[in-house]
Amino acid sequence: MLSHLPILQVVVPLLAAPACLLLDRSRLVWIFTVLACGLSLLISMLLLYQVSQHGTLSYDLGGWDAPWGIEYRIDLLSAYVMLVVSGIATLVIVAAGTGLEREIPLEKQTVFYVTYLLCLAGLLGIVATGDIFNVFVFLEISSLATYALIAYGRDRRALWAAYQYLIVGTIGATFILIGIGFLYSLTGTLNMQDLAARIPDSAGSRTASTAFVFIVVGVCLKLALFPLHLWLPNAYAYAPSLVTAFLAATATKVAVYLLIRLHFSVFGEQFASSSLPLHGILLTLGLAGVFVASLVAIFQPDIKRLFAYSSIAQIGYMIIGIGFGTAIGLQATLLHLFNHALMKGALFLALAAVVYRLGSADISAFRGLGRRMPWTMAAIVIGGLSLIGMPLTVGFVSKWYLILAAIEAGMWPVALLVVTGSILAVVYVWRLVEAAYFQPPENELPEGLDGPDRREAPLTLLVPTWLLVLVNIYLGIDTRLTVGTSGAVASALLGGGQ
Amino acid sequence: MLLLLAITALAIAWLRDLFAAVMLAGIYGLLSASFFVSVDAVDVAFTEAAVGAGIFPLLMLAALALVGRNEQTAYRRPLISLLLVSITGAALVLGTLDMPAFGSADAPPHNHVAVRYIEESPKEIGIPNMVTSVLADYRSFDTLGEVVVVFTAAMGVLGLLFTGRAASPGSATERANMYDHRVLRVVSKMLIPLILLFALYVQFHGEYGPGGGFQAGVIFAAGIILYAMLFGFGNAQRVVRPALLQILAACGVLIYGSVGVVCLLSGGNFLDYSQLLPDPLVGRHVGILVIELGVGITVASAMILIFYAFASATVNSEEVA
Amino acid sequence: MNLSVIGLMQAVLVIPLLAAAGVALTGMRPNLREGVSLVAGALLVAAVGLLYQAVMAGDRSGWTLLELLPGLTISFRLEPLGMLFCLIASFLWVVTILYAIGYMRGHGEANQTRFYALFAVAIASVGGIALADNLLTLFIFYEVLTLSTYPLVTHAGTDKARRGGRTYLGLLLGTSIVFFLPAIIATWALAGTLTFTEGGIFGDDTPPVLLSLLLVLFVFGIGKAAVMPFHRWLPAAMVAPTPVSALLHAVAVVKAGVFALAKVGVFIFGLDTLGSLAVTEWLLYLVAFGVLAASLVAMRQNNLKARLAYSTISQLGYISLGVLLATSAGLLGSALHIAMHAFGKITLFFCAGAILVASHKTEISDMRGLGRAMPLTMAAFFIASLSIIGLPPTGGSWSKWYLILGTLEAGQWLLMGVLMVSSLLNIAYLLPIPLKAFFPANGTAGYGSGEDSGIREAPLASLLAIMITTLMCLLLFFFPQPLYELARSIG
Amino acid sequence: MLPELYNYWVVILLMMTGFYIVIVQGNLIKKLIGLNLFQTSVFIFYISLGKVSGGSAPIFAEGVSSYSNPLPHVLILTAIVVGIATTALALALVIRIRNAYGTVEEEELQQRDLEC
């Protein structure tokens, strides 16, 4: 059975989803979903272990050899991303046990869990597959599920946000489809490895360049790279809080993964840098994203929106890392990909706890929260510090490598801009801290909430949050796993070009 | 043919009446289907006809009934958009410059992976329709994904719209307008069983000619939807209950998936049908039949579900109004 | 021996942390809570005292806590300069707790548990800075110190406090992230190590331009050293309760800054390299300008704590100056001044706090004639002022002596002039305060003998603390050897 | 070259018409029609790729040696399904938006959001 792990990773949540629908009681559905996610997490751990021991795994679906059938291909990079995705998914779904009751009516919870599992399966499928068209199919599974998940938000603006995201996401997917079409017309294959072997033959071809551009633009729409980010803040702000936690920590990460995979494994660094001034563009857009998004974040009264903008800024950092075009830069991107998932997961889960108790994530709700919900606020503070890049948190590790990459590449101004970006993070995190610890709570709670709501969040929300926070700190101190893996991945991607 | 398509497309862009635009979009679907026939893509043509000229306008009209057919606002930033679109288009044209000519037989796509599909599949899989071979066997995982996409959409629509309660039978609103057309009613009564039969034919004939689970599912759904439109949703929902549909939609996916799992358990890779039976060819045959059935079930029930959901939204909003 | 020294070093880090935990747990019972703090302080002094003997015996053992990134460790090592810093900080911690007990209760402050706990955390991070074996370790504790002191600054929770806190955090974190961190990473990229090594870590082939750039980044990046123009945080931090201003913003935090600067100068660049860089000269003049400018600004402050803050900025300039002179006498002077200024300035702040608690006065112009009501406090203020100015019979005269010697050694006559002038300015802004308190000018209403105004000396615990530090100022003039020996063995 | 690629260019024109409608239209339904147009045109592009001159439909028959390429057909079958699924979901969203806001015009929506 061990040799089938690659496919089980995706199929478990994929089939668990319709199975959920057959169970009727929502509590039962929850337990089942937790089990499915947990199983998928276990599989991803085993996969990472297998890959680190035996190297890249290849799995032929339907028993057909690679270029003819669809291949699942798990290398260190995909195993690493799948670990993040399934880990976060598990924690969020555990928190959903109680966290959901205030956000989604009971009769819709079953459908929610089904959609959630489908989204997870879609994301995992994108990461696991070695076939470029299969990427498109699973991208659409996860996207459709995501639109629905966002639209379950209580605020009516959630609907509007979901619609906007749907339009942008579909345009992005269609762009990717066009790119795939060009690639196919040029090479006659859809398998990524086969493509990588054949693309160099047509280097310099305008068709290949166009394919590359369309795919990159399509993916960038998905990952909300500045200036294609306009859909993200609303989507994150109005989605149910737990959905936001899940999406923020996984969906954009998978998009970044896709960019890295296509850029480095399919087209190859050689092609990408020779046919276009891609590095310059990525650096510029990344930096612009960091600054614009951070500045906007500072002025957001809604904290979920604030962290949504912060996500755009953090994506900017990841893109900058790719833009250096060096192994250390790529390593920084990979580290930040992993680390940012941890930070944002923790932050948004903590926000979900706040919303659960107070019914709002507005800055005014945070006044005096340090006393009312000390554990939740402490989680937010630690997550925020990690975002800033304080030592002993994961944020420091990724920032260290990013700056190191800039200095090594001789780009001092970039290094300075990157650190200046962190200062902006200090500003927006600190607004929150000030409100929570050094402002008296508003006299009256929002109407409709009574005594018990002054309390700390329930344990089912706190435990997953704090698990993530602790991982944040642990991996900020013991960096062997993240640094080692990302280093190996980066040199593999740049070195052999696969 | 392409010229006609272009004219239709521009007309859609030009028209302000949404109803007309939807109709034109349907025509566009039909036209592209006939284009597909002309370039030998019969399966695709079949599907595009069913979807582009069938389901799509149907859904659109159902939605239009709710939101009104006129658009009001002026265009937003037309110049910038035009510029953006032109740049994109120019990039695409640039991309085509190095492409192999249209229809050329020595273009790379026809000389690499596809060769095996064309030359070996009748032997390896044992069925003449190569599209079905590729769809249901070589790239069957994509098709599983496709079914899941449909399932996901159904779930999404369900979560967004469905209130779960059926309209009370006999209420004034639930009797569809078309009920009053006696001729239509009688003709349809005869037609619907035929449609359903045809669906079954398409379902099981997919290995030999154009067709397969998806097309069959769509046709089947069309039959039920027609029934619903004529005899009211309350009646339709009594015949085909939404709860049952949900279970069926899930079952379709599960059938497909469990074929894969059974392959796993019998020692092959996921979806490797040759492991199903001692004789690999027969095994493949059975595998394809079963998964096509799964596709058909899910697609049909998902489509009907989506339609019910839209209809129930109609009823509800009328009640609100 | 070796093992126990390491154990002691660990104790230096762990004791305050345990104290913080203990304080948090016993928060409900103030007497127990402050008892915990005091006991921890005493233990810490004992541990540091033992370590002092080890250092003097030539022990330089160290240990690595963990490897953060490949080749980058969090590790600690015993070393005289750090020992000096540690010694002062831990000793003054006990005294400050004593003082704070009187002050915080007398002033009726809220959130006292948070206050004591964070205070302990700050001391732990000072221990980490002092014992750090490499730049990374130093940086980490440096940031922890910033973060743990921020809530102390905003303690009051008023708008003014929050504004002050924002400036404080913004400048300290800002400089450290924008300048300090890139400088560290660049150092790592250039030299391949961050470990403090005698004589510096850069190879001879490192281009001087890069080194100059790095030095500038370090000098500005270590914002806690309050080199102009990044000094604004210090006056802003004065909204904190006085014990915080006293220990942290006259001793721990600011000294952590100059200490880090000294470490970088001596062990990253090496005095020789430092002296050979052209940019050092410019930085020297910049710092010298800061010394004078801060003194001038101090003269114009009517708020006592603000005046003391600017005085601190100016005095920190002395220390930075001493390091940048890159001579052994200058370094000696700097090291001694870290200690001498600490005792002097903390006394001054204690006095300011005592005046606040007893008379609720913060403005200097209101303090005329206060000497009759609070003779002990004002006498202490006078003695500490002498020490800051550098006049015998106080410890401050020694450090100033060596600093001036340092300028002479480097041939910087101009800088010697700056030191002289600034000493005169010190006299001008410090001495009038006690003098006018004892001898109010004619025509202004004095506070009489205290009965009619109701003003008395500060609470006993605070007064005791003031006495101790004042005594130290005097004692260090007569017995400077222990510190002198320690400072001599640096580098 | 022109006649060889002419087909593609017309298809690109079609795509861009759809794309333009998506971007420029403020009516949510019309946007979806445009999106559908855009996607359908991409399908046409793919199917054109699969055409082999002189080939016949890829259903095995005795005596036929040249077939059109079946792979793009398969891909597009999948893509069509994905497209209609997306449309269905989007329409559901539009209906909900209409119920919640009372309009399906983008500008009015933005105004109503600003009001609250």
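**View 1. Chains C and D stay apart in this predicted model.** No contact joins chain C and chain D. If you look for their closest C-alpha atoms, you will find them 30 Å apart. Chain B and chain C do not touch either, and here the nearest C-alpha atoms are 38 Å apart.

**View 2. Chains B and D meet.** Four pairs of chains touch. Among these pairs, the one formed by chains B and D has the most contacts.

**View 3. Chain A touches chain B.** Chain A brings 51 residues to this contact, and chain B brings 49 residues. On the side of chain A, the elements giving two or more residues are helix H1 (5-22), strand S1 (57-60), helix H4 (106-128), helix H5 (132-151), helix H6 (157-187) and helix H8 (206-223). H5(A) gives the most, with eleven residues. Sorted by class, this side of chain A holds 33 nonpolar, 13 polar and five charged residues.

**View 4. Helices H3 and H13 pack within chain A.** Here we follow H3 (residues 76-99) and H13 (residues 327-358) of chain A, whose axes come within 11 Å and cross at roughly 10°. Angles under 35 degrees count as roughly parallel, so H3(A) and H13(A) are roughly parallel to each other.

**View 5. The residues between H3(A) and H13(A).** From H3(A) come Tyr80(A), Val84(A), Ile88(A), Leu91(A), Val92(A), Ala95(A) and Gly99(A). They meet Phe338(A), Ala341(A), Gly345(A), Leu349(A), Ala352(A) and Tyr356(A) of H13(A). The residues of this contact comprise eleven nonpolar, two polar and no charged.

Note on methods:
Residues are numbered from 1 along each chain as its sequence is written. Chains are lettered from A and ligands numbered from 1 in the order in which they are written. This is a predicted model: local features need pLDDT of at least 70, side-chain atom pairs count only at pLDDT 80 or more; totals for chains, interfaces and linings use all residues. Axes are lines fitted to C-alpha atoms, for helices over the stretch in contact, and angles run from 0 to 180 degrees between N-to-C directions. Helices (H or I, at least four residues) and strands (E, at least two) are DSSP runs, numbered from the N terminus. Angles under 35 degrees count as roughly parallel, over 145 as roughly antiparallel, 65 to 115 as roughly perpendicular and the rest as oblique. Two residues are in contact if their C-beta atoms, placed from the backbone, lie within 7 Å. Ala, Val, Leu, Ile, Met, Phe, Trp, Tyr, Cys and Pro count as nonpolar, Asp, Glu, Lys and Arg as charged, and the others, Gly among them, as polar.
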